[in-house]
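This report covers helix packing, the chain interface and the nonpolar cores of one model. The entry is shown below.

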Amino acid sequence: MRYVRIFLLTFQSVFEERGRSLVWFLLSCINPFIMMLFWRGANISSTTLSMITSYYFFLIIGGSIIMSHSEENIALIDIQEGRLANYLLKPFPYYSLKWLEELPYRALQGSFGLIVVALFSFLFQVKLSVGSQSVVNFLLIFLMLISAVTLAQLFKVCLGFISFWTTDAYGIFQLSEMFMFILGGYIAPLSFYPSVVASIAYFLPFPYMIYFPIASIAGFYTTQQLVFIFLGQLVWISIFVFLYKSLWKNGLKQFTGVGQ
Amino acid sequence: MSIISVKNLVKEYSVYKKEPGFLGSLHSLIARKYETVRAVDGLSFDIEEGELIGFIGPNGAGKTTTLKCLSGLLYPTSGKVDVLGFTPFDRKTKFLKQIALVMGQKNQLWWDLPAIETFSLNKEIYEIPDKQYKETVYNLAELLDAKEQLQVQVRKLSLGQRMKMELIAALLHNPRVLFLDEPTIGLDVVMQQNLREFVKEYNRRYKATILLTSHYMGDVEALCKRVIIINHGKILFDGLLSDLIRKHAPYKLISIVLTNMINPKDLEGLGEIKKFTYPELVLSVPMNNASEITAKLLKRLPIEDVTIENPDIEDIIRDVFSKS
């Protein structure tokens, strides 16, 4: 209950920034919309077009729920401006508090996503397709979504921790965005990529955060494949938990609390 | 037994030094020069429970760094720090629930919401029971005369009102040890006075141990019996404020308003003339002979008014720094 109460309290502050949140959401929608319009002009079968359109619509909703931008907040405000001091003084784990602060943003952005997708489905007369999925598949997809949110948040927090050692990590953040964009499936489903690029991507964490969960909802995979993807997510989560602990332990020794 | 014990505390920072100009920038692309700065240099002191101590020093003396080490924000380079039986940097939950650090230049309040919402968040984080929370908010708000501002959006509050809310947020869990870093910075004299009275009353009422840093000597004079003076990360003085005055300024200032002009030679042997602009005269006299000399002056001079004062604490501190 304590966590729920903190979550609800942080939600109040997010409501005060709802305008900014809407703008961020709309900006993140631009790319999937462009790509969707591009595919609608392509010479492909109506079944494939329906799958691709559904993929991009799910990407808008899923992306806004899964992908946070905590790394900038952690690097610039917490570490460089010294606001981390406020968290360190509290008898509550930093990761949990950041997580509870981030969740309301994800929930709000996800609801924006649902509204926008509903609106555009109506305007373009698109029927969203999830393929033919069993109950087990939906259960696995649900678990994959939770793992994807966890993995994405862990990845972003670890990225933000780079600021313990560098004065300007912005370039690294941009680079990670680029990888996420290309290898995370934001441009197109990875199954459309050259096999070499797709094979490389499958060995990296990016598709496990966005592409696999979204493609799973769109009905790209069998139950057996979903199990393997879920296991892959767990492996990446374990790696990033280890990385998080190591970066946090050593990073705090570098923390100077500048500006505090 | 000491509630805070510091032994040979050292904290060093690595600072990037850039050579000036365009060539310096080019050079920094290839090889950067770092310098180690020792912000705290072997500090040792002990603090008993319930003490209210002034931690004084110029900018860059190492005051805030020391407070950060004591509250567990910074990892010391070397030395031993013990606060309430804990090593601060371990940041154990039990330790964090017994301390608070208030920094005058930073805040923890949600900017767009009333302060009471931040208090509710802290209530959950510190697991404060409902009854205790309500009582503490009420008592602190009353003590600070801030009940009216609890429901007002933080961004709409004045600096002084915000500082009051910061104090309430930091004290909700009734910390046994309170670190105050420049709590009166930027405040007007009335608000400074209010906060001083609050800190004094809080220390008295809750028996809290308070370590206060401030640039305003008024804060230290009004609140602290004991002071620790540091510069360049080293302790220059640790003791009672009265001992500091006795040691570094063993004199008193006699301020006189004359009714008639006098010859300054009449004052020979009585004390040093600090200022003489008729009708005002200020004499510096040895502390032990102040009353005897005042009596002599009253007999010899045409006096309308006379006051005896201790020397300005700021002058004393400046004197300590200049000798360091």
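Helix H4 (residues 115–125) of chain B packs against helix H6 (residues 159–171) of chain B at an angle of about 15°, the axes being 9 Å apart. Axes are lines fitted to C-alpha atoms, for helices over the stretch in contact, and angles run from 0 to 180 degrees between N-to-C directions. That angle makes H4(B) roughly parallel to H6(B); angles under 35 degrees count as roughly parallel, over 145 as roughly antiparallel, 65 to 115 as roughly perpendicular and the rest as oblique. The crossing of H4(B) and H6(B) is right-handed. A crossing is right-handed if the near helix is turned clockwise from the far one by less than a right angle, and left-handed if anticlockwise. From H4(B), B:Ala115, B:Thr118, B:Phe119 and B:Asn122 meet B:Met165, B:Ile168 and B:Ala169 of H6(B). This contact of H4(B) with H6(B) has 5 nonpolar, 2 polar and no charged residues. Ala, Val, Leu, Ile, Met, Phe, Trp, Tyr, Cys and Pro count as nonpolar, Asp, Glu, Lys and Arg as charged, and the others, Gly among them, as polar.

The model is predicted: local features need pLDDT of at least 70 and side-chain atom pairs count only at pLDDT 80 or more, while totals for chains, interfaces and linings use all residues. Residues are numbered from 1 along each chain as its sequence is written, and chains are lettered from A and ligands numbered from 1 in the order in which they are written. Helices (H or I, at least four residues) and strands (E, at least two) are DSSP runs, numbered from the N terminus.

| Pair | Axes | Angle |
|---|---|---|
| H7(A), residues 135–161, and H12(A), residues 223–254 | within 9 Å | roughly 25° |
| H1(A) and H6(A), residues 94–124 | 8 Å apart | about 60° |

H1(A) is oblique to H6(A), and their crossing is right-handed. The H1(A) side of the contact includes A:Tyr3, A:Ile6 and A:Phe7, and the H6(A) side includes A:Leu100, A:Glu101 and A:Leu103. By class, this contact of H1(A) with H6(A) has 10 nonpolar, 1 polar and 1 charged residues. H7(A) and H12(A) are roughly parallel to each other, and H7(A) passes H12(A) in a left-handed crossing. The residues of the contact of H7(A) with H12(A) divide into 25 nonpolar, 6 polar and no charged.

Between the chains, 20 residues of chain A are in contact (C-beta atoms, placed from the backbone, within 7 Å) with 24 residues of chain B. Helix H1 (2–16), helix H5 (84–88) and H12 of chain A each supply at least two residues of the side of chain A that touches chain B. H1(A) gives the most, with 7 residues. By class, that side of chain A has 9 nonpolar, 6 polar and 5 charged residues.

A nonpolar core is a set of buried Ala, Val, Leu, Ile, Met, Phe, Trp, Tyr and Cys residues joined through C-beta atoms within 7 Å. A residue is buried if 20 or more other C-beta atoms lie within 10 Å of its own, exposed if 12 or fewer, and partly exposed in between. The largest core has 130 residues, and A:Leu151, B:Ile168 and B:Leu212 are among those that touch the most other members. H7(A) gives the most to this core, with 13 residues. Another core, of 7 residues, lies apart from it and includes B:Ile256 and B:Leu281.

Chain B has 11 helices and 13 strands. Of its 324 residues, 36% are buried.

Key: Contact = placed C-beta atoms within 7 Å.
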